[in-house]
Amino acid sequence: MAAATLEIGKVVVTVGLSFDGALYGCRRPPGVVERMEAEALDLLSKGLFVSGIDTPVATVTGAAGHRFVQQSAEFRPPDARLYRGMCGVGASRNGLTLTGILGYRLEVRAEWAKRAGECGPPETAAEWCELFGGQLSSIGGVVLRRSSVLSLGTPP
């Protein structure tokens, strides 16, 4: 749903956030469903900010006041750390109200940039942290931008 990519020294970091589940959406006054869907995605992705991507507990916040609660973090060889949790949504804007609880998945990938030469990927979580930890810790936070568009009937 939302992502960002940045290059720090010889490392390329990609952060992606996706949601699963269903929300209750109410529009006052009622409007076209397709427009409501687009507005809902805009509201859900507004001001998403991720920090602490070098730690076991990453912090995710959103301008609409979502409440993110991390439930797990795991290393995914060869290049990713995956955080999962729940997100409570209770947001309103321009007559649209969204409420509910979604699951979220935050994926942080760190890979060698082209200018890093012939460096192989790490094989363990400890090696990943050793190789990329300095670059990841230098990132205070990342603002995510909406990266996908869903249409009715399209699975997330």
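Arg146 is partly exposed, with a relative accessible area of 27%. Please keep in mind that this is a predicted model. Arg146 forms a salt bridge with Asp42, and the closest N and O atoms of the two are 2.3 Å apart.

Side chains of opposite charge can pair when their charged atoms come close. In this structure, there are six salt bridges.

A further pair also involves helix H1. Arg27 forms a salt bridge with Glu39, with 3.0 Å between the closest N and O atoms. Arg27 sits in strand E3, residues 24–27, and Glu39 in helix H1, residues 33–45; the partners are twelve residues apart, and the pair links distant parts of the chain. Are these two residues buried or exposed? Both Arg27 and Glu39 are buried.

I turn now to Arg76 and Glu74. These two residues form a salt bridge, and their closest N and O atoms are 3.0 Å apart. Arg76 has a relative accessibility of 31% and therefore counts as partly exposed, since that value lies between the cut-offs of 20% and 50%. Glu74, at 34%, counts as partly exposed as well.

Terms used:
Residues are numbered from 1 along each chain as its sequence is written. This is a predicted model: local features need pLDDT of at least 70, side-chain atom pairs count only at pLDDT 80 or more; totals for chains, interfaces and linings use all residues. Side-chain values use heavy atoms; hydrogens and water are left out. A salt bridge is a side-chain nitrogen of Lys or Arg within 4 Å of a carboxyl oxygen of Asp or Glu. Helices (H or I, at least four residues) and strands (E, at least two) are DSSP runs, numbered from the N terminus. Buried means under 20% relative accessible area, exposed over 50%, partly exposed in between (1.4 Å probe, protein chains only).
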